[in-house]
Amino acid sequence: MRPMSANAPQVKRVLSGIQPTHDSFHLGNYLGALRQWVALQESHDAFYCVVDLHALTVQPDPVALRKRTLASVAQLIALGIDPEKSTLFIQSHVPAHNQLGWVMECLTGFGEAGRMTQFKDKSQKSGADRTVVGLFTYPILQAADILLYQANLVPVGEDQRQHIELTRDLGQRFNSTYAATGATFTIPEAYILKAAAKINDLQDPTSKMSKSAASQNGVIEIMDAPEVNLKKIKSAMTDTGREVKFDEKEKPGVSNLLTIYSALTGKNIADSENDFDGKGYGDFKLGVAQVVVDYFAPVRAKALELLEDPDYLNSLLKIGADKANEVAEQTLKATYEAMGLIARG
Ligand code: TYM
């Protein structure tokens with residue numbers, strides 16, 4: 001048996017991150033990941049970060065990035081992340097992410113990184129010359145984000161499963177390559193809630209809801225005005241037939257809406273179907289729209305209120321950065337030591 005990692009906490013730890021690439025998070029982010037972030041902060045030592053360094057892979061406009069990073073923090077708090085319970089911070093405020101990222105790059109095979117499906121998809125879309133190296137190393141930085149905090153659990157949507165697998169492989173590889181000083185890293189597990197692991201686009205219900213979708217008509221943004229979301233859900237793509245029935249193969253549009261309805265009301269799928277028994281798709285979509293709009297109206301209001309006081313948000317982020325740096329520096333020190341780097345005298 002290996003000894004527990006030196007830097008491992010008493011209570012189990014959770015870490016996750018989200019990119020500040022848009023003005024608003026979408027419903028997939030919330031149901032697939034952020035809702036679990038909120039729940040897990042009650043039972044775990046939680047570290048949550050806005051991964052601004054990851055967002056640089058798409059060369060965002062600096063003014064927009066600054067605005068979106070703070071808007072992300074405001075949305076996280078409005079959705080229920082409590083900065084007293086969770087360590088909430090911005091990735092670039094903790095230099096150890098890049099430092100451990102380099103270490104992990106030195107352990108990752110070129111082919112291994114090339115097999116990441118998100119990289120393959122994105123690089124295929126833009127072509128080799130327009131694909132930046134940062135996109136290739138993106139999952140390795142993500143592994144560093146997680147391993148730095150000795151996280152046990154990583155709440156994410158299904159699309160991140162492969163990145164968490166890579167993180168596990170790298171952590172295990174490091175621990176066995178540099179075994180003399182004991183296990184440096186805790187090996188994390190993905191925490192993926194089956195029922196909401198993949199929320200789909202309302203207009204293209206076999207593809208995941210995504211910030212980078214060509215059209216935003218099928219993407220429900222939590223910061224959008226209620227009337228915008230009402231309209232989007234009312235014009236969601238439904239399927240042939242008239243019955244409101246969960247059947248992902250035959251009725252992907254209806255099933256996606258039922259998943260959303262069930263997740264937000266807390267009713268199971270059978271009860272959700274029953275709510276629309278004998279009703280047509282029009283009534284069904286209106287019912288789902290009402291639930292979504294009612295759910296997010298107070299969140300949006302709270303986030304807008306928080307954004308009126310950036311000094312307050314920045315003060316919370318400073319506390320978060322201090323706490324995160326403390327843990328991250330300890331892990332980095334142990335990592336360097338295990339590898340034989342000489343500590344600065
Ligand atoms: P990002 O910013 O793309 O998405 C944030 C979270 O939302 C989930 N998600 C979805 N879940 C269900 N259905 C969908 N349609 C949907 N769309 C997005 C994502 O799975 C994710 O959990 N690489 C990460 C960010 C990251 C990270 C980390 C995550 C960087 N470092 C460390 C965990 C741990 C990403 O791009 O997430």
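Visitor: What makes Gln150 count as buried or exposed?

Guide: The model is a predicted one, in which local features need pLDDT of at least 70, side-chain atom pairs count only at pLDDT 80 or more, and totals for chains, interfaces and linings use all residues. Residues are numbered from 1 along each chain as its sequence is written, and side-chain values use heavy atoms, with hydrogens and water left out. Buried means under 20% relative accessible area, exposed over 50%, and partly exposed in between, with a 1.4 Å probe and protein chains only. Gln150 has a relative accessible area of 1%, and therefore it is called buried.

Visitor: What is said about the phi of Gln150?

Guide: Phi of Gln150 is near 55°, which is a positive value in a residue other than glycine. Most residues other than glycine have a negative phi. Gln59 also has a positive phi, near 45°, but its relative accessible area is 55%, so Gln59 is exposed.

Visitor: Where is Gln59 found, and where does Gln150 lie?

Guide: Gln59 is found in the loop between α2 and α3, while Gln150 lies in the loop between α7 and β4; helices (H or I, at least four residues) and strands (E, at least two) are DSSP runs, numbered from the N terminus.

Visitor: Why is Thr57 called buried?

Guide: Its relative accessible area is 15%, so Thr57 is buried. Thr57 is found in the loop between α2 (52–55) and α3 (62–79), and it touches Val132, Gly134, Leu135 and Tyr138, not counting residues up to four places away in sequence, where contact means heavy atoms within 4.5 Å.

Visitor: Why is the pair of Tyr295 and Phe296 called edge-to-face?

Guide: Rings of Phe, Tyr and Trp (its six-membered ring) pair if their centres lie within 6.5 Å; planes under 30 degrees apart count as stacked, over 60 as edge-to-face and the rest as tilted. The centres of Tyr295 and Phe296 are 4.9 Å apart and their planes are at 65°, so this pair is edge-to-face. By its 27% relative accessibility, Tyr295 counts as partly exposed, whereas Phe296, at 5%, is buried.

Visitor: What makes the pair of Phe89 and Tyr149 tilted?

Guide: By this rule the count comes to twelve aromatic pairs. In the one formed by Phe89 and Tyr149, the distance is 5.5 Å centre to centre and the angle between the planes is 45°, which is tilted. Phe89 lies in strand β3 (residues 86–90) and Tyr149 in the loop between α7 and β4 (153–155), so the pair ties together parts that are 60 residues apart in sequence.
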